[in-house]
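Subject: Structure for you to look over

Dear colleague,

Here is the structure I promised to pass on to you, with the sequence alongside. Below it I have written out what I found, so that you can follow each point in the model as you read.

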Amino acid sequence: PSAIYLKDYKVPPFLIDKTELTFDLDEATTVVTSRLHMRRNPLDGKSNAPLILDGGEDVKLIGVAMDGYALPPEEYQLVDDKLIITATADSFILTCETLIEPQNNTRLEGLYRSSSMFCTQCEAEGFRHITYYLDRPDVMSVFTTTIIADEARYPVMLSNGNEIERAKTDEGKTVVVWHDPFPKPAYLFALVAGDLAVKNDLFTTQSGRDVKLQIFTESHNIDKVDYAMEALKRSMRWDEEKYGREYDLDIFMIVAVDDFNMGAMENKGLNVFNSSCLLASPKTTTDDAFLRVEAVVAHEYFHNWSGNRVTCRDWFQLSLKEGFTVFRDQSFSADMHSATVKRVEDVSFLKTAQFAEDAGPMAHPVRPSSFIEISNFYTLTVYEKGSEIVRMIHTLLGEELFRKGSDLYFERHDGQAVTCDDFVAAMQDASGIDLTLFKRWYSQAGTPIVTVEDTYLPEEQRYLLTIKQETPATPGQPTKLPLHIPIRVGLLNEQGQEIQAQYQGEHSTDVTLLLTEAEQTFEFTQVSSKPVPSLLRSFSAPVKLRYNYTADQLLLLMSADSDGFNRWSAAQQLAVNELTQLIEQASSGQPLAIESQLVAGLRSLLADESLDPAMVALILALPSQAYLSELAETIDPLAIRKARQFLKVTIANALSEQFAQTYQNNIITSDYQPSAQDIARRSLKSMALSYWSETSDDKVKAAIAEQFANADNMTDQFGALSIAVHSAHPDAASMLNAFYEQWKNEPLVVNKWLMLSASQDADDALAVVEGLMAHPSFDLKNPNKVRSVLGGFGQNVAGFHKEDGSGYRFLADQIIVLNKRNPQLASRLCTPLTRWKKLKPELSVKMKAELERILAEDLSKDVYEVVSKSLV
Ligand code: B3K
Ligand code: ZN
């Protein structure tokens, strides 16, 4: 397989003004007929370029005609899944008839079956598995879709836009015609047919238009869509208020499907969702999952403008729509709940997972310059770091100018397929702020390391911050240039009060320093006492900050910083410092011992009743195994686990009574609500229980069992179960069984059971996981199930990282099995193996050997790209 490059971009030689599709759906073969109204692209300039249409090995061509003339075989060629026609007029109608077999489509790209329905997934290049087409985002066309099916089995037949016709064929089949007036690329096409239940609602837009809202699911799930419907309406209102964006069609539909490769898809007017990101009910859904449903509904809805009305010119520009839309959904969730909590969660995820990606063999810029398989570039870098870039623009411009910039962007490019440069240009033109240097963030991979040193000059009352930046080399980018980095800073005195210093002639307690060079010194004046700097407030840039804080300074920031984010950040740093010592001890076989300063900080934290319980819970959460692995020079998984466990037990024993009390104080007696306040209290309650479970207090075992048995909601029930499993509660095994028996008819709950079961610490962990894959509830065709078991196993530190390499071998075996069946899923599963270079040598060689074994197989492009790049 070979790479394609951004620098080779050329405009399409042909355009498709109108696309008319007819699907004759059937269990055995589906016939797709397309009528494409095509013409040569005037911007291409060449008058004789051949017409080259994209197809797939699973698409069987029956016939092709031009302006009604059926082309004989010598007038076209089929080469490498492409249909090539050499002689064409300047404008013509191309008709193609193809046969596909959705029931055999295990890749879940193109048209496929999930349970008893037909559904589609076309982004990025799935449409070519339906029919021959110019399957690229800069070819935008007006679609009319005719669906023919047996109404008894497929009473619901949906596509993009509005339903314009419904009739019967002579054979008694039903024909439904949909028309979408907005030109769109093929990746936004969707079709769904099935026997589905629907929930209807209505939204009145700011200009007074009524939009019909519909959510479709299999009938047994229709009682779980109310929350998503409300979230949709909140999203629609928010986009009007925050961005001035109104919905544009008369109908907006969402369909839930069980077999789906990712979270959801923003097809125009017809979003298709993984049921795990749509269905929610108190008894079956945890708080986290409620919040995720709300965020994903919002994200897909927001794409209607950032993605659909203005789309990407080519797939290298993916972050144009994804980074911006993630920023939009993060801001929405922040407005709906607590902004600080949301920021901490997002940053914690970024620093754990995106930083690891950016430091590994698959590191790439937010706008990659090449790829082998685009599906591999739906990454944390494109999404999450992409969102951080938009957030930095927001920080540099301020709320008002940012809005002017987004207004200009939507107005200027409505109906177009554009680039990340176009986005930045609109922001720059609307604000007058020069973003030329800033654009390096799009093209340079790797996480910058920002090192801060300070000097206080008491006689002159001056305070100097010297800040250096350096970005480590990444694959293909050995040298790096300085970036434009906004660093929000506040200064605290030794009592923890904010210092009103002068910076550039102005008094402020919170300034944004603009770092643009490799090294710069920033000067504050009228600084009356030696400050403790609060650096990178709200995580104003996606960088690794280095400043030698003392434990006392961190304790001060943790208890007194006016920036809530930095209070969390200080606690994390303190915990990281202590864990680093412990990890070293564990790695070198010493007995573990620590004089923990963190304990004192956490004691006052638990005593402070003015704090948001959700923030207290976040501050109590020790840096994760994954985050500590990211920070480590060399990863010793078991040493990290041991160190975390040791610190957790130390804290638990020191504060045992406080945890017991905090647990009691946060029991909610009223009915379950997924509201910010209640979610916050449940999260603190669960955190307290988790610490408390590490003590020898004999009351805690009963508390866990009682919460498990009597919970009226999944958050509490599953919370108790997880704590029981991870603290080796004597009833853990019977609780796991009871949980399965109770929920075996709810696949999304069974997934949680699979994940937890796969993650449990046991001598025979691998056998347990193999057992799960043979369990009647498991299904290799269902990506959620595969991810639950293998994802759970990935968190099973002792099982996955077993010295004999059996954990790695097992994962590699699964990747090999899935490689051909579902390349996208298989490729995602490779991620843990791509970290082999950082593992301690004994494990590293074993992991590498598994990658080599995979590489020796006949691989899909997806898996080939990740595995071969990881071995370089
Ligand atoms: N745009 C889709 C992702 C499609 C992934 C294709 N491999 C979902 C989203 O980001 O909203
Ligand atoms: Zn998206």
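The domain bounds used here come from an automatic or database domain assignment. Please also keep in mind throughout that this is a predicted model. On that assignment the protein is divided into domain 1, residues 4-195, and domain 2, which is made up of 449-507 + 521-560. The C-alpha centres of domain 1 and domain 2 lie 55 Å apart.

I looked next at a sheet of 3 strands, which is open, has the order 4-8-7 and is paired in the antiparallel sense. The edges are taken by strand 4 (51-54) and strand 7 (77-79), and because each of these has a single partner strand, one side of each is left without a neighbour in the sheet. On average, neighbouring strands of this sheet are turned by 25 degrees against each other, direction ignored. Strand 7 pairs with strand 8 (residues 82-85) over 3 bridges, and Leu 78 has Leu 83, in strand 8, as its bridge partner.

Another antiparallel pair is that of strand 10 and strand 11 (residues 117-121), which are joined by 5 bridges; here Tyr 112 stands opposite Cys 119 of strand 11. The hairpin that these strands form has 2 residues between the strands, and Ser 115 takes a positive phi near 50 degrees in it.

As for ligand 1, the residues around it include Glu 123, Met 262, His 299, Glu 300, His 303, Glu 322 and Tyr 378. Strand 20 (264-265) and helix 2 (287-302) are the elements that give two or more residues to this shell. Sorted by class, the shell around ligand 1 consists of 5 nonpolar, 3 polar and 4 charged residues.

Finally, in helix 20 (residues 765-774) the residues Ala 765, Leu 766, Val 769 and Leu 772 are buried. Seen down the axis of helix 20, its buried residues fall within an arc of 115 degrees, so they line one face of the helix. Ala 767 and Ala 774, by contrast, are exposed on the other side of helix 20.

Definitions and conventions
Residues numbered from 1 in each chain as written. Chains lettered and ligands numbered in written order. Predicted model: local features only at pLDDT ≥ 70, side-chain atom pairs only at ≥ 80, totals over all residues. Pairing = 2+ DSSP bridges. Helix = DSSP H or I, 4+ residues; strand = E, 2+ residues; numbered from the N terminus. Axes fitted to C-alpha atoms, helices over the stretch in contact; angles between N-to-C directions. Near = placed C-beta within 6 Å. Nonpolar A, V, L, I, M, F, W, Y, C, P; charged D, E, K, R; others polar. Buried ≥ 20, exposed ≤ 12 C-beta atoms within 10 Å, placed from the backbone. Arc of directions from axis to C-beta.
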